[in-house]
Amino acid sequence: MFGLACLALALPLTAALPQSRPEEQTAPFKADLRVDTNRDGTVDLSGQTDSNGKDTWSETSGALFLPNIGVTGRHCGGNGISSCHDASTNAQWAPEYMAPMRTVPMPDISDSATATIAINDAVARENVRIFLDYPGRVAEINFEDLMSGRPLPPAENDRWVYLENDTPIPADKLRQGLTLGIDARDTRRPGGWDGRVSVEFTVTDGSRSSSDKVMLRVAPVLTHHHLQPVKKVFVTKKPLNEDMTQAMARVEQGIQKNMQKAGIKEPLHRLDIDYTWAQDVMEPAYASIPGPSGPITLRIHVAGVPVIAGTEQTEKLLFQDLRREGMGAVRPAGFPAILKHKTLEAGGNMESIPPYTHNGKKYPAGRIVIGATDAQTPQALAYLRAQETQDPIALDTTWLFVKHVDEVLSFLPAKTSRGWRLALLDPMMGYEALSKLDKDGHGDVPLTSNPTALNSTVPTIREFLADESTKKAAAHAADKMKQVLRTLRQETGITDGDVVRIPAVVATMDSLKKWLHVREGPVSGGNGFLPLNSAFPSQVNGVPLSDSVFVAPKPWGPVVDGEDIMEKMSREAYAAAGFDVDFIDDWDLHLASGDLHCYTNTYRAPEAKWCWPYFHVASSDYQVKDYISDADFIGNVVQFDSPLLGDITGFNCVHLQCHIGTDMLGLARLGAASVTGLDFSGVAITAANFCATRINGPAASVVSGLLKRGGRLFVREFHPVLLSLDDGKPDEIVINFLYFKREEPIILDRQGTYVDSGDYKFGSTRRAVFNHGIGEVVQALLDEGMRLTMLREHQSAPLTGAQPELQVDERGEYSLKDRPWRLPLSYTLQAVKD
C-alpha cells in the first residue's frame, strides 16, 4: 500500500496463519533462493540450471528484472505526474511485469521458524521492490489512502505483499516454498544506481539460521533500430495557417500511402503537442526480460527536449498522454542540466546501429550513435552509457545548424550477411555533381527546381559555385563526414560495400537565408561561416518503413533534360541498396531546417531477443510447448521413426547430435530405460538441459563407450543427394554442391537459422558443410566391424532443409510438391555391433 502501510502488513503476515503446537526440529535445513540465472524465462527449483553463479551477474548470465514504470489504469492523474508510476509506491499495480523469485520448499522446519528477504545496500533498497505472493490474504485498510482519494490497485493484486527487510515470513509459507516477485522503481542511472541488487534470504529456526544470496540487475533501456518492424508512425499536431495545413496534408498522405505499401496496419497517429518535430520530443525505447513464453517487454519513452518549444508540453505528452500499462517514460537527466545543450538532447540526435559483431565483441541489441563532442556533451550520452548494452558512439555534429545526427546518416535493412547498411550524407558528391553540370554547359540552370523558391534570389548553378563560401562549406562538411565514416569503420568494421552514399549540397546559413529564405530559429549562432545547413531537403533524413520501402524528402535539385539530378542520384543509390524510394515534397519543413525523419517518429517491434538465445526452443518446429503441456506427446520425427525403430522398452539409448533434446524425450516416452544425448554444441546442450528440466526428461553432455556388444545403431539423416542441390534454384532440381566428401568443406555465409529467429542478427554466420555419400557412411560402419541390418530411403524429410519447392504433410514431413518419387530426401540406416 502507500506510505506507512507496508509496516502494517508485517504483523498480519505471521498472525494470519494458524499457529500449530511447537515441534522439535531435528533435521538440518538450508535456505535456497532461486532466480532466473540462466535467462530461460523460468526459475528452476529441481535442477541446478539456476543455481550455478546465482550470486553473481554478467552480461551473459544472471537474472534480470524490469523497471515497472508504466501507469496501469492511468491512476496517476494530473498532479506530480512525472514522479508517479506503477512502482512509485509500495502497492503492486502491474504484477505481470515483475520478475520471478522462488525458494526451495523447506518441509522439515519447525513452526517457530521465520524468514526475511532483505536488500542491505541502501541505494538498491530505495530503488527495488520485492513482493510475496500471499493468496487469500485480507488486505490492511490504510486510512491515509482512503482520505487521499488516490486510486488503489485492483483487489486481485492484494495477494502481493510488499516486503521490507524485516518483514517476517512464517514457517508454513516456507514449507510450501515462497513465490516472490521483484521490480524496480527506476532505470539504471549514471553516477547513481547501476541497477544491481543483491537479495538475501535468511531462515531462522531457534538458535540456528541459514542464508542464501542471489544477484539480479534491472534490464537496460534499449533504443530501437531499423531492422525491427514498424508498428506505428507518429507526426505532431500543430496549429498552422491554411497554406501550411495543405502542405502538411500532402506530406501525411504520402506517408500513409507508403505505410500501406509496407504493411503497417496502425493508422498515422498525431501526438498532441504544439510543435513540428515528432522526432525531437522522444526516443522510443524498451526494456525486456526473458519470460516463460518469450520476452516480457515494457515500452519506455526517453524524453527529448524540443529545440524551440518549452518542456511543459513534452512532460504532459510523455508522462500523462502516452504513459499507460506497459508503457513508461524517463528523463535522461534533471533540470536545469538537461537544458544546457538542449538541441543535442532531442530524439533526432540519437540513431541506432542494428546488431553486429566486430573484433569478437557482440552487440545483440545494436549500438547508439549520438551527436556530441567533449565541449558539447548532452546529458543523454551519460544516461545511455549507463545502460551498458548499446555502448554509444559520439560523432561530431556540432558544425550543423540543428546539430542532429539524423541529418547526416541513417541505417538501412539489407539482405546481406551483415544485415544492414549505412546511408551517409556525401557533401562533396553533391558539390561535384553541380560542378559537372556547369562544365557540361548547364551552369545557367537554377540551383533548385522548387516552384515556390523560383524567384530572383535563387542563384544559378554557376552563381552558387562562384560564391567562395560554397566550396569551403563543401570541403568542411566533407572532412567532417570523413571523420564520421572513419569512426564508424573503426567501431563496426563496415566496408565500402556497406555504405550507401547520398549526395548533398551544403552552404552557410547566411547564404541559404539570402537565396532560399530558410527560416532561422533560436539554435543559430556561430562565426559567420558555421554552422552549415543543407541547401536541399536531405535524402538521408527519411524513414525506412520496411526492408524495401523508404520515404525520403523530394530534393528539388536542379533539373536538366526533365530530370532532377539530385533525385536521380539518390534514387539510384537507394535502388542499389534494395529500396524503392518514394520522394515526398516536404519543402515547407525543409525551410524550417527539418525533413521527413524529423517530422515523424515510430514505434517498432520491441521483441529483440538481446538476452534470449534459444530460438530453436521457442520455435514451433521443435514442439517444445507440446512436450511440456502433454505428458504423452511424442514429436513428429520420433513418430516417423518408431515403426522402423521397433520396441525399445528397457533399452539404454544414446542420441548422437541430440541438439535441444526433444527427440530424446520422445525416445524416453517410447519406453527407453535411459536416453543420453551427445552434441558438440555447448549451447545445444544447455538448451537440452533447459528442455529436460521443464519436461522431466534426461540430458547429458559426455558419453563414452556408446555401444555394447549387441547394441544397435539407428540413423535417420538428410539424404546426401538433397544436400548437393543448388539452393539458389528453389523451383528446379539442379545438382551443384558436392555429393562426395572433399578435404575442403562447402562454406556458407548466411544470416538466420532454419527456424524463425525474428529480427535477431547473428554474429557468427559462416558455416562449414561436409556432405557424406551413402557409400561412405556404410563403408565406415563396415570398417568398424558393424553389421548393416537396414537401409531405406524416403521421399520426405522432417525439416525444411531441402532446397526445391516442398509441401508439408500431416506428419510434419516435407516432400516435393511435384512427383515426390523423383528425389530421396532422407534415409534410415540400422547396424548392429557383433
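A: W193 counts as buried at 5% relative accessibility, where buried means under 20% relative accessible area, exposed over 50% and partly exposed in between, with a 1.4 Å probe and protein chains only. F65 is likewise buried, its relative accessible area being 0%. The model is predicted, so local features need pLDDT of at least 70 and side-chain atom pairs count only at pLDDT 80 or more, while totals for chains, interfaces and linings use all residues. Residues are numbered from 1 along each chain as its sequence is written, and side-chain values use heavy atoms, with hydrogens and water left out.

The structure holds 9 aromatic pairs; rings of Phe, Tyr and Trp (its six-membered ring) pair if their centres lie within 6.5 Å, and planes under 30 degrees apart count as stacked, over 60 as edge-to-face and the rest as tilted. One of them joins F65 and W193: the ring centres are 6.4 Å apart and the planes stand at 50°, so this pair is tilted. Because F65 belongs to strand 2 (residues 63–65) and W193 to the loop between strand 8 (179–184) and strand 9 (196–205), the pair ties together parts that are 128 residues apart in sequence. Helices (H or I, at least four residues) and strands (E, at least two) are DSSP runs, numbered from the N terminus.

The rings of F550 and F579 have centres 6.1 Å apart and planes at 75°, so they are edge-to-face. F550 lies in strand 28 (residues 549–553), and F579 in the loop between helix 14 (565–576) and strand 31 (580–584), so here the parts tied together are 29 residues apart in sequence. Both F550 and F579 are buried. Elsewhere, ring pairs link Y356, Y363, F411 and W420 into a cluster.

Charged side chains also meet aromatic rings. The charged end of K173 sits over the ring of Y134, 4.8 Å from its centre; a charge sits over a ring if NZ of Lys or CZ of Arg is within 6 Å of the ring centre and within 35 degrees of the ring normal. R217 lies over the face of W57, at 5.4 Å from the ring centre.

The cysteines complete this account. A search of the whole structure finds 1 disulfide, defined as a pair of cysteine sulfur atoms within 2.5 Å. C76 and C84 form this link, with their sulfur atoms 2.1 Å apart, and the angle of -80° about the S-S bond is left-handed. C76 is buried at 11% relative accessibility, and C84 is buried with a relative accessible area of 18%.
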